[in-house]
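Hi,

Here is the model I promised to pass on.

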Amino acid sequence: MIDYLRQFNMASVLLRLTLAVVFGGIIGGNREHKRRPAGFRTHILICLGATMTTATSQYVYVVLGLYSDVARLGAQVIAGISFIGAGAIIMTKWRRVRGLTTAAGLWVAAIVGLCCGAGFYEGAVYGTALVLVAEVFFSKLEYRLLRDNREVTVYAEYASPSCLEEMVSRCHMLGIKIVDVEITKKGDESGNSCAVLALLSRQGAGKEDILQTLGGVEGVVTVVET
């Protein structure tokens with residue numbers, strides 16, 4: 001039965017398109033739950049489009065009998081999905097890159113679609129399962145590892161240079177090592193300056209203590225972890 005479904009016929013095409021919708025929805029469901037820009041429907045459409053691309057290549061070669069490189073259209077999907085993935089990656093005002101996991105999920109959804117379109121059902125099933133493991137279980141493991149991390153990056157917006165000097169002084173009082181400092185000027189009418197500080201807590205000061213201490217400096221407008 002599985003050999004029959006690997007052949008190019010109406011039953012196999014329907015199965016491949018159906019699996020693309022199911023697997024794309026499974027991958028996108030997790031991103032939709034986390035309210036990411038590319039969610040449930042986006043992953044389905046990308047997975048379905050990749051499947052149709054591969055199936056079209058096979059149709060041209062098998063049914064129409066035209067000489068064609070079957071893998072050529074699929075290769076264009078891998079490159080083309082990069083443009084969509086790039087649109088999901090943004091830089092926040094706190095100099096933090098967001099959307100990398102969503103972009104990677106879109107790319108994987110396209111690969112799963114290629115597997116479905118080629119009749120590589122085992123790869124599509126196992127690939128989708130491993131994506132779920134990475135997004136659901138590994139994310140919790142990552143959170144636990146970062147929770148005890150002594151390194152913290154802080155974005156601070158302040159009114160005058162003396163505020164930055166006071167923040168540096170308080171970091172030294174807490175036993176916090178300043179690994180790196182990046183200072184920029186905020187582009188609005190307030191005229192405030194911004195700084196991104198990479199800190200290393202050597203004496204066990206928690207993130208909440210660091211944010212509360214730096215936020216208590218007079219003239220500091222915003223202090224958040226990035």
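Helices (H or I, at least four residues) and strands (E, at least two) are DSSP runs, numbered from the N terminus. Keep in mind that this is a predicted model, where local features need pLDDT of at least 70, side-chain atom pairs count only at pLDDT 80 or more, and totals for chains, interfaces and linings use all residues. Residues are numbered from 1 along each chain as its sequence is written, and side-chain values use heavy atoms, with hydrogens and water left out.

The overall layout: the protein chain has eight helices and six strands, in the order α-α-α-α-β-β-α-α-β-α-β-β-α-β. Of its 226 residues, 35% count as buried (buried is under 20% relative accessible area, exposed over 50%, partly exposed in between, with a 1.4 Å probe and protein chains only).

Tyr61 belongs to a nonpolar surface patch with Tyr59, Val62, Val63, Leu64, Leu66 and Tyr67, together about 780 Å² of accessible area. Patches take residues with over 30% relative accessible area and no salt bridge, joining like charges within 9 Å and nonpolar side chains (Val, Leu, Ile, Met, Phe, Trp, Tyr) within 5 Å; the areas are Shrake-Rupley with a 1.4 Å probe, and for residues only the protein chains shown count as cover. Just after helix 3, glycine 65 has a positive phi of about 70°.

Now the inside. The largest nonpolar core has 18 residues, and Val154, Tyr158, Met167, Leu199, Leu214, Val220 and Val223 have the most contacts inside it. At least two residues of this core come from each of strand 3 (151–158), helix 7 (161–173), strand 5 (193–201), helix 8 (207–215) and strand 6 (220–225). Another core, of 13 residues, lies apart from it and includes Leu5, Ile27, Ala109 and Tyr121. A core here is a set of buried Ala, Val, Leu, Ile, Met, Phe, Trp, Tyr and Cys residues joined through side-chain atoms within 4.5 Å.

Strand 5 is mostly covered, with eight of its nine residues buried. Strand 3 pairs with strand 5 in the antiparallel sense over eight bridges (pairing needs at least two DSSP bridges between the strands). Threonine 153 has alanine 198 of strand 5 as its bridge partner.

Arginine 170 makes it with glutamate 166, at 3.1 Å between the closest N and O atoms. The two are four residues apart in helix 7, so about one helical turn separates them. Arginine 170 is partly exposed at 24% relative accessibility, and glutamate 166 is partly exposed at 32%.

Cheers

Methods: A salt bridge is a side-chain nitrogen of Lys or Arg within 4 Å of a carboxyl oxygen of Asp or Glu.
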